[in-house]
Amino acid sequence: MRLPSLVRDSMRLVRAADPRTFWSGAVLQIVSAMCATAIVVASKLLLDGLVNGHISTGALVIPVIVFAGATALTTSTTSFQNQQQRLLVEQTNRLVWRRLLGVTTRVDLQTYERPDFFDRLQRIQNNALTRPTTIALSTLSLLGNAVGLVSLLAVVFVLQPLLVPPLLLGALPTIYLARRGSASEFRFFAKYTAPFRRRGYIRQTLSDRGAAKEIRVFDAAPLLIERENDLSDEYIAGLRVQVRRRQLLSAASSLISAGILAGTLWLVVILLVHRWLSLSSAAAALIAVRVLAGQLNALFNAIGGIVESGVFLSDLDDFVSNTPLPPESDAQPRALTDRIELHNVSYRYPSGTAWVVRDVDLHIGAGEIVALVGENGSGKTTLAKIVGGLYPAIEGSLSWDGATVDPENRAALQASVSVIFQDFMRYHLSATDNIVIGDHRRADKRDDLRDAAERAGADAFLADLPAGYATLLSREYGDGVDLSLGQWQRVALARALFKDAPLLILDEASASLDPRAEHALFADIRRSLRDKAALVISHRYANLHLADRIYVMQSGHIVESGSHTELLTLRGLYAELYHLQADAYQTEVEETPSPNLSQRQASARIRT
Ligand SMILES: Nc1ncnc2c1ncn2[C@@H]1O[C@H](COP(=O)(O)OP(=O)(O)OP(=O)(O)O)[C@@H](O)[C@H]1O
Ligand SMILES: [Mg+2]
């Protein structure tokens, strides 16, 4: 991207983040830059007075005041500015993240499957930690220094026009070297992003609470630390070359600047000797040239910062404007009066070529409990995501009460289906928040919250927590409590029930429940679900006789369907899987001499 458009984009971003802080920051920068010019002008007037012998006259009062005032102002604006900049940095940061999250939270779930999207998202997220700061600070500094530079050049021009061309010419090599430095920085970042990110992942894993137990039990630390070391070596080797390159460039730049400074000073001396410059003007010119060098340096740093952030800015802009988003909608849940029906539905993941769901015909009537079973990887979760409107049917169609759902506009479907996922979320928030996330519009409905928790079997232990429902369910982000896996699953179930949707999908929702809790859920499932329709995915066959209909999946196909009894009579895959489980229980009961509680429950469940 070209420099002017980069500068314009950076300004636009920072200004949009917080116009008031931006403008006040800019004014402070300009004031402080102008102070430098004022000091040069005051010096010249003072020197005029001293050289011409007007020491005690009132004419010197004003330059003295200006000199002292400008010096004091520079010092005070600097500290004021630093604080102001903190605000602006934070606001810019917030704006960048808001834009980023505006995409990540709305983008079609399928997009997360695309490696290009994910790589780019990761890259932007990594950069979003530091780049907004650079952009905000560089933009302000650029503004101030550019104005300061112009006014100082004007002063030098008034003192002696001949001094201006060498100063301008002198800047050219430095600009060239600064740009070369930035370009090499791009190449370095592009080349070393991968090892840098992988190293970050390993470091994160090595300090992650969830990973800590496996790392201990497998003594995985030495292996992971070795990987971290290798990646660090690779990155640092690259960094060493890059640092040397930048040091060389900066040495060259300093050398050229020193040469130009010396040349300019020499020119001042020549002009002084030939009386084209008075003594006071020469002294003022010397001060101006010195101050100018500092401002030029700051300006280049600011340009460097903006140029180096350019890739990030264009990445972010492109990400925000070119990631396809579903149309904005405030879809309300629909009632289900008849049935939801899938006809010849097929699906494959964007990353794969194989069909994961193939030619599926399935229907769920209002208030029906439908079960979906099948071996690992047979496509159950994927199918559930299609029913929940998260993935579109690539082939075939899905209809809701007879109306076909547009695959490109599934918001209403998403609003009308509640899901408890196999890998449900455990939010590090209060128990209340963990449940009302299910439907933020009804977050204040405390009775509904208690009701959902009760139906999910979570009310009793949540109410017993130190601060009841207000207790933070996290040990990592405050002084809260952690729950057991089964308790977490009940909370997730409460969340799914709190969303008042006419269809609930339970993907292995009882996998971590104890037998009593599972029994309570299924024995009275119609009451738990308030007569809503449900699609229940489960590997535990004992409760499936409750289902109005069972679909059996194998390699993406529905291979059998019917009631529990019908499927047993069929002696197909369902009967085989059912008996594998049931026989295991039976054998255990028969082989164990003294019956205990768990066996009684096991055999009871099999007989139901
Ligand atoms: N994000 C993904 N990208 C590509 N393929 C995927 C993805 N998720 C799942 N698959 C593949 O789709 C197939 C079906 O997966 P799915 O999760 O639907 O199975 P499942 O029946 O729910 O299995 P389980 O009983 O283990 O939960 C598997 O072969 C899996 O490898
Ligand atoms: Mg699954």
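**Backbone, sheets and helix packing**

A: Asp 359 has its place in strand 2. Please note that this is a predicted model.

Q: What is phi of Asp 359 near?

A: Phi of Asp 359 is near 50°, a positive value in a residue other than glycine.

Q: Why is that worth a remark?

A: Most residues other than glycine have a negative phi.

Q: How many bridges pair strand 1 with strand 2?

A: Strand 1, residues 339-347, pairs with strand 2 over 6 bridges in the antiparallel sense. Within this part of the sheet, Val 345 is opposite Val 360 of strand 2.

Q: And how many bridges join strand 1 to strand 4?

A: Strand 1 and strand 4 (residues 395-400) run antiparallel and are joined by 5 bridges. Leu 342 has Leu 398 in strand 4 as its bridge partner.

Q: What about strand 4 and strand 5?

A: Those strands pair over 2 bridges, again in the antiparallel sense. The bridge partner of Trp 400 is Ala 403 in strand 5. The hairpin of strand 4 and strand 5 has 2 residues between the strands, and Asp 401 takes a positive phi near 50° there.

Q: Where is Asp 401 found, and how accessible is it?

A: Asp 401 is in the loop between strand 4 and strand 5. Its relative accessibility is 26%, so Asp 401 counts as partly exposed.

Q: Changing topic: what is the strand order in the sheet of 6 strands?

A: That open sheet has the order 6-7-8-3-9-10, with mixed pairing. Its edge strands, each pairing on one side only, are strand 6 (417-420) and strand 10 (557-562). Direction ignored, neighbouring strands of this sheet are turned by 20° against each other on average.

Q: Do strand 6 and strand 7 run parallel or antiparallel?

A: Strand 6 and strand 7 (residues 503-507) run parallel and are joined by 4 bridges. Val 417 stands opposite Leu 503 of strand 7.

Q: Which helix packs on the sheet there?

A: Helix 15, residues 485-498, packs on the sheet and touches strand 6 and strand 7. The direction of helix 15 makes about 180° with that of strand 6.

Q: What follows strand 6? Where is Asp 423 found?

A: Asp 423 lies in the loop between strand 6 and helix 12 (431-436). With a relative accessible area of 66%, Asp 423 is exposed. The C-alpha atoms of Asp 423 and Asp 507 are separated by 8.7 Å, although these residues are 84 residues apart along the chain.

Q: Now the helices, please. At what angle do helix 2 and helix 5 pack?

A: Helix 2 (residues 19-52) packs with helix 5 at an angle of about 25°, and their axes are 8 Å apart. Helix 2 and helix 5 are therefore roughly parallel to each other. The crossing is right-handed.

Q: Which residues make the contact?

A: Helix 2 contributes residues including Phe 22, Ile 30, Met 34 and Val 41, while helix 5 contributes residues including Leu 140, Leu 143, Val 147 and Leu 159. By class, the residues of this contact of helix 2 with helix 5 comprise 13 nonpolar, 8 polar and 1 charged.

Q: How does helix 3 pack with helix 5?

A: Helix 3 (residues 61-104) and helix 5 (residues 131-159) pack at about 130°, with their axes 8 Å apart. Helix 3 and helix 5 are therefore oblique to each other. Their crossing is right-handed.

Q: Which residues meet in that case?

A: In helix 3, Gln 85, Leu 88, Val 89, Thr 92, Asn 93 and Val 96 meet Pro 132, Thr 133, Ala 136, Leu 137 and Leu 140 in helix 5. The contact of helix 3 with helix 5 has 7 nonpolar residues, 4 polar residues and no charged residues.

Conventions:
Residues numbered from 1 in each chain as written. Chains lettered and ligands numbered in written order. Predicted model: local features only at pLDDT ≥ 70, side-chain atom pairs only at ≥ 80, totals over all residues. Heavy atoms only, no water. Axes fitted to C-alpha atoms, helices over the stretch in contact; angles between N-to-C directions. Parallel < 35°, antiparallel > 145°, perpendicular 65-115°, else oblique. Left-handed = near helix turned anticlockwise from the far one by under 90°. Contact = heavy atoms within 4.5 Å. Nonpolar A, V, L, I, M, F, W, Y, C, P; charged D, E, K, R; others polar. Pairing = 2+ DSSP bridges. Buried < 20%, exposed > 50% of the residue type's maximum accessible area, 1.4 Å probe, protein only.
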